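User: I would like to understand the terms applied to this model and the grounds on which each is used. Please set each value against its definition.

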There are 2 protein chains.
Amino acid sequence: MIDERLKVDLNQYLPLRDVVFNTLREAILRGDLEPGERLMEKQLADSMGVSRTPIREAIRKLELEGLVVMIPRKGAQVVEITEKDIEDVLEVRAALEALAVRLACEKMSTEELEELRNVMKEFQQAAERKDVYGMVDKDVEFHDIIFKSTQNEKLIQIVNNLREQIYRFRVAYLRRFNRYKIIQQEHQEILQVIEKNQVEEAERVATIHIQNQEKAVIQLIREEEKENK
Amino acid sequence: MIDERLKVDLNQYLPLRDVVFNTLREAILRGDLEPGERLMEKQLADSMGVSRTPIREAIRKLELEGLVVMIPRKGAQVVEITEKDIEDVLEVRAALEALAVRLACEKMSTEELEELRNVMKEFQQAAERKDVYGMVDKDVEFHDIIFKSTQNEKLIQIVNNLREQIYRFRVAYLRRFNRYKIIQQEHQEILQVIEKNQVEEAERVATIHIQNQEKAVIQLIREEEKENK
DNA sequence: TTCTAGAAAAACGTATATAATATAAAGTAT
DNA sequence: ATACTTTATATTATATACGTTTTTCTAGAA
């Protein structure tokens, strides 16, 4: 007989490389590490209190994730994101979002539909108290529920990566414009078409939702560029 | 004045980790390393004549690429591919292929159209001399031309990764059935709708093309499973 | 024979050491 | 003063070393 309590704190072991990986990824996405900034191994190793080995292995993963670029014998640096990059990412994202809602029409359970409604409510509450981070979280959650309902692991994995690529702009984007009203309305539409199993319409609405996001983010970037001149 | 000849063999430096990465990836995709097989660092290091460091860094990349899974304190092993995995991958692939041909309708140049026709001809020739590897290459090339014409780097990158996931089945698949006639016919259709800018139709044809592939590959796997019992 | 215990071996995770290369600085010749 | 070496330094790339965990193998008991 195995004591259930023993299972509790088999506090999951995480290799240092993954701790470092998560830390660095966070730092990049939050903007603490700016685009173009070099990631020097020794410096990072010292500041994180580990050796260079786990740092290097974490960087290898960030490299494939597309968050850093390697320059041979010069090390890694945080990627610069261009307007073109954002267009490319969101073009793909739109297609995958359309796929997701189409599948969601078939597969979504009533429990998940209920979750969607809850998250929308929470989004509303976050908006009311001007909690931008809360809104971002709830927006992400909304789409996550849809993607999870597709039960397509690969789709989920790819979309997570795409989201990561432009995550840095999310907060600025939601804060800047009064985007949240539009987002809310679009979420409402998406929910309705899924409920009604209107596949064609669902794809259309989801695509537009992402395209609107694209327009807004790009507008944001252009304005920022103008400011920096 | 720079002597042009000097540029020739500035034989590009490739870090050992990338050499190892490519080697291992090849081995996995070719099936030399079988699903479930463990990748032991020292053994690989010895057989490739390098130290464990570049091996480990290569494995980190394979890990994120989805070709190996890590088991903590047990190392890496080649992923097992399930039927579900293939369905997931090809479901996403179909959506992206549809996106690609839609964009191709707008953006494809006459040169690229010409390339498409050439590749189809070469596919035909490979088929005539029963050259399966040649056919696989030309099939991949056909789709590559379409993806390149979209000028969406992210799309290209994702599709390359998806292709990789199920590449192991390509050869068996083309050899086994007389799939090549169907493939050829479908390529022909895709070419035509792109030429005529028939966006809706293009998406439909491309989607079906991938779905057919999915059905065939899955049928293949089921038969193989049956044989192994 | 089968199961368990314990020791030995193997393999991973991490750290450190060495080699190679690029960057920056200083010195020299024109 | 400028351009070109040379030298020093910093940083990456690779190899090796160490400690711990896991696996394997063997001996002994049930």
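Analyst: Two strands pair if DSSP finds at least two bridges between them. Strands (E, at least two residues) and helices (H or I, at least four) are DSSP runs, numbered from the N terminus. This is a predicted model, in which local features need pLDDT of at least 70 and side-chain atom pairs count only at pLDDT 80 or more, while totals for chains, interfaces and linings use all residues. Residues are numbered from 1 along each chain as its sequence is written, and chains are lettered from A and ligands numbered from 1 in the order in which they are written.

User: What makes strand S1 and strand S3 of chain A a pair?

Analyst: Strand S1 (residues 38-39) of chain A is joined to strand S3 (residues 75-78) of chain A by two bridges. The definition asks for at least two bridges, so the strands count as paired. They run antiparallel, and A:Leu39 has A:Ala76 as its bridge partner in S3(A).

User: How do you know that S2(A) pairs with S3(A), and what do they form?

Analyst: Strand S2 (residues 68-71) of chain A and S3(A) share four bridges in the antiparallel sense, and at least two are required for a pair. S2(A) and S3(A) form a hairpin with three residues between them, and A:Arg73 in the turn has a positive phi of about 60°.

User: Which pairings are found among strands S1, S2 and S3 of chain B?

Analyst: In chain B, strand S1 (residues 38-39) pairs with strand S3 (residues 75-78) over two antiparallel bridges; B:Leu39 is partnered there by B:Ala76. Strand S2 (residues 68-71) of chain B is joined to S3(B) by four bridges, also antiparallel, with B:Val78 as the partner of B:Val68. S2(B) and S3(B) form a hairpin with three residues between them, where B:Arg73 in the turn has a positive phi of about 60°.

User: How do you know that the copies meet through the same surface?

Analyst: Residues are in contact if their C-beta atoms, placed from the backbone, lie within 7 Å. The contact takes 21 residues from chain A and 21 residues from chain B. Of the interface residues of chain A, 100% are also interface residues in chain B, so the copies meet through the same surface.

User: What makes up the side of chain A that touches chain B?

Analyst: H4, helix H5 (83-107) and helix H8 (153-166) of chain A each supply at least two residues. H5(A) provides the largest share, seven residues. By class, this side has eleven nonpolar, one polar and nine charged residues. Here Ala, Val, Leu, Ile, Met, Phe, Trp, Tyr, Cys and Pro count as nonpolar, Asp, Glu, Lys and Arg as charged, and the others, Gly among them, as polar.

User: Which residues are closest to DNA strand C, and which elements contribute to the surface near it?

Analyst: A residue is near a strand if its C-beta atom, placed from the backbone, lies within 6 Å of it. DNA strand C is surrounded by 17 residues, the closest being A:Leu16, A:Val50, A:Ser51, B:Glu41 and B:Gly75. Helix H2 (16-30) and helix H4 (52-65) of chain A, together with helix H3 (41-48) of chain B, each give two or more residues. H4(A) gives the most, with three residues. The surface has six nonpolar, three polar and eight charged residues.

User: Why is A:Val171 called partly exposed?

Analyst: A residue is buried if 20 or more other C-beta atoms, placed from the backbone, lie within 10 Å of its own, exposed if 12 or fewer, and partly exposed in between. A:Val171 has 15 C-beta neighbours inside 10 Å, and therefore counts as partly exposed. A:Val171 lies in helix H9 (residues 170-176) of chain A. Not counting residues up to four places away in sequence, A:Val171 touches A:Val132, A:Tyr133 and A:Val136.

Conventions. Contact = placed C-beta atoms within 7 Å.
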